Amino acid sequence: MRNKISVFIITFNEEKVISSCLEKLTWADEILVVDSGSTDQTVSICEKFGAKVIYNKFENFGIQKQFALDQTSNNWVLSLDADEVLSDTLIQEIQNFSPTYSGYKIPRTHVFLHKIFKYGSENKKPILRFFNKNDGHFSKNKIHETIIVSGKIGCFKNEMLHYTVFDLATAAKKSINYALLSGEFLHEQGKVASKSKPLIKFPFEFFRVYFFQRNFLNGYQGFVWSIISAYASFIKYAKLKELQS
């Protein structure tokens with residue numbers, strides 16, 4: 001007998017991307033959306049696709065995703081972000097899986113400024129998203145939340161696409177906000193930064209992302225992604241340094 005599967009997503013003002021995600025989830029036994037007060041059409045779009053929508057005040061990413069996980073009805077669950085879209089081949093693989101492992105990583109490919117990254121670390125990067133909730137839970141981190149699974153972890157062969165941003169303004173805004181949260185998280189973990197660290201991180205991170213991770217093969221978008229990644233690294237450690245004052 002096939003294992004029933006719940007898909008859960010946390011949302012806040014995702015009307016630009018959520019339809020593409022939900023269109024690929026018609027096979028799921030349950031679609032659960034936990035929304036933190038969207039003021040756009042996110043909730044109505046989700047309901048149109050048959051999703052069960054629950055409001056929960058956002059505290060941090062780890063806590064919100066754990067709350068969503070706790071509301072699911074089935075043991076096997078798939079955690080998705082609103083800007084992630086499953087491929088047809090991945091859907092078939094998930095539907096036909098046999099529970100050999102406690103969790104499964106899914107290859108995820110970056111789509112940045114309308115370009116699919118076919119090279120570098122963001123191409124088919126394996127990320128744990130499908131698991132038996134009896135064996136797994138989320139860390140409570142405010143950022144960089146992770147799924148912690150007790151048991152062996154496998155990996156699916158087929159990918160999903162991660163449609164990060166479609167314009168430069170959104171890319172810059174999201175990157176800065178995420179970097180500020182990352183700086184706060186490092187401070188809470190007791191980390192420290194010297195005055196020189198923010199300055200050093202920018203060129204080092206650019207070189208690492210653009211050359212070592214081969215984003216130069218992703219053309220103009222790969223260059224922009226590398227610059228934004230480097231700037232975010234600078235902001236993260238500048239925020240950490242600020243909080244030490």
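This is a predicted model: local features need pLDDT of at least 70, side-chain atom pairs count only at pLDDT 80 or more; totals for chains, interfaces and linings use all residues.
Residues are numbered from 1 along each chain as its sequence is written, and side-chain values use heavy atoms, with hydrogens and water left out.

Let me begin with helix H4, residues 88-95; helices (H or I, at least four residues) and strands (E, at least two) are DSSP runs, numbered from the N terminus. Its buried residues are Leu90, Ile91, Glu93 and Ile94, where buried means under 20% relative accessible area, exposed over 50%, and partly exposed in between, with a 1.4 Å probe and protein chains only. These residues cover an arc of only 160 degrees around the axis, which puts them on the same side of H4; the arc is that of the directions from the helix axis to the C-beta atoms. Their cover includes strands E1 (5-11), E4 (76-81), E5 (84-86), E6 (103-112), E8 (125-132) and E12 (160-165).

Turning to the aromatic residues, a search of the whole structure finds 24 aromatic pairs. Rings of Phe, Tyr and Trp (its six-membered ring) pair if their centres lie within 6.5 Å, and planes under 30 degrees apart count as stacked, over 60 as edge-to-face and the rest as tilted. One of the pairs is Phe58 with Phe61, edge-to-face at 5.0 Å centre to centre and 75 degrees between the planes; Phe58 is partly exposed at 36% relative accessibility, and Phe61 is partly exposed at 25%. Phe112 and Trp225 are also edge-to-face, at 5.4 Å and 65 degrees, and this pair links distant parts of the chain, since Phe112 lies in strand E6 and Trp225 in helix H7 (residues 219-244), 113 residues apart. Phe112 is buried at 1%, and Trp225 is buried at 19%.

What about helix H6, residues 197-212? Phe212 lies in this helix and is exposed, with a relative accessible area of 64%. Phe212 also belongs to one aromatic cluster with Phe206, Phe207, Tyr210, Phe211, Phe216 and Phe223.

Not counting residues up to four places away in sequence, Pro198 touches Phe234, Tyr237 and Ala238, contact meaning heavy atoms within 4.5 Å. The C-alpha atoms of Pro198 and Phe234 are separated by 4.7 Å, although these residues are 36 apart along the chain.
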